[in-house]
Amino acid sequence: GTFGDGFNYSITVFDTEWEEFQMTLYSVFGIAFVDNVPGAESRGIEVEFAGYLTDSFMIDFAFSHVDASVTEDFIYSRATGRDISGGARLPGSAENEMFVSGTYTVNLSDYGSMAFNVNASYKGDVLSNFAESGSNFEKFGSFTVWNARVTWDLGDYQLTLFGNNLSDELGQSMVGTPDFFGDRDQHKGLIRPRTFGLGFNYKLY
C-alpha cells in the first residue's frame, strides 16, 4: 500500500505449518541421517516501508519477527537417548531482524549525482542446534552491522567508496563445539570484519 506523499509499505502476517519436517537425526551408532519428524510451525510478521522524506532523502525500513518451533516430541539421537520436546525453538534462524537505510542524493548537474548512504542491520540471537540436543549447541548473540557508501553516478559509470561493518562487529554465524567435533577440530565462523573498498561499474547496452 501507500500513505503520505510517496511512501510505500507492506505488512505480512504468516502462520505456516509443516508436516513430516526434515531434520538431521542420529542413529544408535551415532551416524547422522536425514529423516522426517512429526512437524514444525513458523508464525510471525514482516513489516516494510520506504519513501522520500524530502526530494533528496530516502529511507528504507524492514522488520521481521518469527516464532519457529517443532510441534511434537521426537527422538533426536538414539545413541544418547536425547529427545526434543514439542515447542522447542528451531535452530538456525533469528526471532527478530531489522534493517534501516538512509540515502541522501545531491544533483551535480553535468557531473551526474552523488549519493550518500548509511545503513544498519540487526540480527537477534540464533541457536546453533536444539537446546535439548546436548551436542554442538551454542546460542549466538545478537549483533548490529553498520555500513556506509558514497556513490558518484555519471550515467554509464558509477564509482563507489564503501565501508562495511564499520564497528568491526564479531557476529557469529556457525560453530563446531568440542563435545561434537573434539578439541582439535572445534571451530567458529564469524561475519566479515570491517572492510573498506572502491567499486567501479560500467553499464553495457
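The model is predicted: local features need pLDDT of at least 70, side-chain atom pairs count only at pLDDT 80 or more, and totals for chains, interfaces and linings use all residues. Residues are numbered from 1 along each chain as its sequence is written, and side-chain values use heavy atoms, with hydrogens and water left out.

I begin with the interior. A nonpolar core is here a set of buried Ala, Val, Leu, Ile, Met, Phe, Trp, Tyr and Cys residues joined through side-chain atoms within 4.5 Å. Buried denotes under 20% relative accessible area, exposed over 50%, and partly exposed the range in between, with a 1.4 Å probe and protein chains only. The largest such core has 15 residues, and L25, V70, F74, Y76, I84, L90 and F130 have the most contacts inside it. At least two core residues come from each of β2 (7–26), β3 (32–52), β4 and β5. The largest share, four residues, is supplied by β2. Strands are DSSP runs of E with at least two residues, numbered from the N terminus.

I turn next to the surface. Patches consist of residues with over 30% relative accessible area and no salt bridge; like charges are joined within 9 Å, and nonpolar side chains (Val, Leu, Ile, Met, Phe, Trp, Tyr) within 5 Å. Accessible areas follow the Shrake-Rupley method with a 1.4 Å probe, and for residues only the protein chains shown count as cover.

Which residues form the nonpolar patch on the surface? They are Y111, W152, L154, Y157, L159, L161, L198, F200, Y202 and L204, with about 1,100 Å² of accessible area together. Both β12 (157–164) and β15 (195–202) contribute at least two residues to the nonpolar patch. L204 is placed in the segment after β15, and it counts as exposed because its relative accessibility is 74%.

A patch of negative charge on the surface gathers E72, D73, D83 and E132. Asp and Glu count as negative and Lys and Arg as positive, while His and the chain ends are not counted; the place of a charge is NZ of Lys, CZ of Arg, CG of Asp or CD of Glu. D73 sits in the loop between β4 (57–70) and β5 (74–77). Its relative accessibility is 53%, so D73 counts as exposed.

The structure holds four salt bridges, each being a side-chain nitrogen of Lys or Arg within 4 Å of a carboxyl oxygen of Asp or Glu. In the bridge between R43 and D15, the closest N and O atoms are 3.3 Å apart. This pair links distant parts of the chain, with R43 in strand β3 and D15 in strand β2, 28 residues apart. R43 also pairs with E41, again with closest N and O atoms 3.3 Å apart. E41 counts as buried because its relative accessibility is 18%.

E138 bridges to K188, the closest N and O atoms being 3.7 Å apart. Here, too, distant parts of the chain are linked: E138 lies in the loop between β9 and β10, and K188 in strand β14 (residues 187–190), 50 residues apart. Through shared partners, salt bridges join D15, E41 and R43 into one network.

Finally, the backbone. Most residues other than glycine have a negative phi. N136, although not a glycine, has a positive phi of about 50°; it is found in the loop between β9 (126–127) and β10 (139–140). D168, also not a glycine, has a positive phi of about 55° and lies in the loop between β12 and β13 (172–176).
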